[in-house]
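Here is a short briefing on one structure. Keep the sequence and the coordinates in view while reading.

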Amino acid sequence: MTSASIAIQDLLLSLLKGEETGPLHGLAISQQIRPSSDQQDPPMGEAAVIVDTSDQGSHLGLPGRVLVDVSAQVEARTSLAEDKGMEQFRAISQAVHALLEGIRTDCPSATGWDIRHVSPWTEGAVAQDSLYRYQTFSATFLLQAQ
């Protein structure tokens with residue numbers, strides 16, 4: 001990971017964990033808001049929010065790393081067995097999406113980078129594997145080195 005992708009990952013984790021009420025607060029307390037690279041401790045519970053970022057390189061191929069694009073994906077997931085009616089899933093997904101959309105209007109700075117633009121967050125389809133139901137929200141951040 002690069003300093004740009006780490007900065008956005010840390011920013012997203014901090015914002016998601018910072019909710020003091022609502023469905024994200026309980027997930028933060030139980031350490032179920034985490035980066036995608038940390039899936040072992042504690043074990044995945046009945047619900048989680050997973051953050052993944054990747055450095056896409058210099059914006060428009062410009063020389064140097066003054067402007068950098070970082071792709072971000074935030075996944076909301078709940079257990080199929082524990083959340084049969086999808087109530088918890090809907091609450092978590094809506095809370096995550098609202099918080100992410102707030103970044104677009106607020107544009108906070110990330111460690112070592114100024115956020116110049118955040119693309120609209122796209123909402124992926126609700127999907128499932130053998131244990132979990134999940135939905136991914138994606139956006140691209142345009143960063144400028146400080």
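Ser-3 sits in helix 1; helices (H or I, at least four residues) and strands (E, at least two) are DSSP runs, numbered from the N terminus. Ser-3 has a relative accessible area of 49% and is therefore partly exposed. The cut-offs are these: buried means under 20% relative accessible area, exposed over 50%, and partly exposed in between, with a 1.4 Å probe and protein chains only. This is a predicted model, in which local features need pLDDT of at least 70, side-chain atom pairs count only at pLDDT 80 or more, and totals for chains, interfaces and linings use all residues. Residues are numbered from 1 along each chain as its sequence is written, and side-chain values use heavy atoms, with hydrogens and water left out.

**Helix 1 and its partner**

- The C-alpha atoms of Ser-3 and Thr-111 are separated by 8.4 Å, although the two residues are 108 apart along the chain.
- Helix 1 covers residues 3–17 and helix 3 covers residues 87–106.
- Their axes come within 10 Å and cross at roughly 130 degrees.
- Axes here are lines fitted to C-alpha atoms, for helices over the stretch in contact, and angles run from 0 to 180 degrees between N-to-C directions.
- Helix 1 and helix 3 are therefore oblique to each other.
- The angle classes are roughly parallel under 35 degrees, roughly antiparallel over 145, roughly perpendicular from 65 to 115, and oblique for the rest.
- The crossing of helix 1 with helix 3 is right-handed, meaning that the near helix is turned clockwise from the far one by less than a right angle.
- On the helix 1 side, Leu-12, Leu-15 and Leu-16 meet Val-96, Leu-99, Leu-100 and Ile-103 of helix 3; contact means heavy atoms within 4.5 Å.
- The residues of this contact are 7 nonpolar, no polar and no charged.
- Ala, Val, Leu, Ile, Met, Phe, Trp, Tyr, Cys and Pro count as nonpolar, Asp, Glu, Lys and Arg as charged, and the others, Gly among them, as polar.

**The nonpolar core**

- The largest nonpolar core holds 32 residues.
- Such a core is a set of buried Ala, Val, Leu, Ile, Met, Phe, Trp, Tyr and Cys residues joined through side-chain atoms within 4.5 Å.
- Ile-8, Leu-12, Trp-121 and Phe-141 have the most contacts inside this core.
- Elements giving two or more residues to this core are helix 1, helix 2 (23–29), strand 2 (47–58), strand 3 (67–79), helix 3, strand 4 (113–118) and strand 7 (132–145).
- Helix 1 gives the most to this core, with 7 residues.
- In soluble globular proteins, nonpolar side chains tend to be buried together.
- Setting aside residues up to four places away in sequence, Phe-141 touches Ile-8, Leu-12, Val-68, Asp-69, Val-70, Ala-72, Ile-103, Ile-115, His-117, Val-118 and Trp-121.

**Strand 2**

- Thr-53 is in strand 2 and is buried, with a relative accessible area of 6%.
- Beyond its neighbours within four places in sequence, Thr-53 is in contact with Met-1, Ser-5, Ile-8, Gln-9, Leu-12, Val-70, Ser-71 and Ala-72.
- Not counting residues up to four places away in sequence, Ser-58 touches Gly-64, Arg-65, Leu-67 and Val-68.
- Ser-58 and Gln-144 are 86 residues apart along the chain, and their C-alpha atoms are separated by 9.9 Å.

**Loop residues**

- Pro-43 is in the loop between strand 1 (33–35) and strand 2, and it counts as exposed at 59% relative accessibility.
- Pro-43 is in contact with Gln-32 and Arg-34, leaving aside neighbours within four places in sequence.
- The C-alpha atoms of Pro-43 and Gln-31, 12 residues apart along the chain, are separated by 9.4 Å.
- Leu-60 is in the loop between strand 2 and strand 3.
- Its phi is near 55 degrees, a positive value in a residue other than glycine.
- Leu-60 counts as exposed at 72% relative accessibility.
- Met-86 is in the loop between strand 3 and helix 3 and is partly exposed at 22% relative accessibility.
- Met-86 is not a glycine, yet has a positive phi of about 70 degrees.
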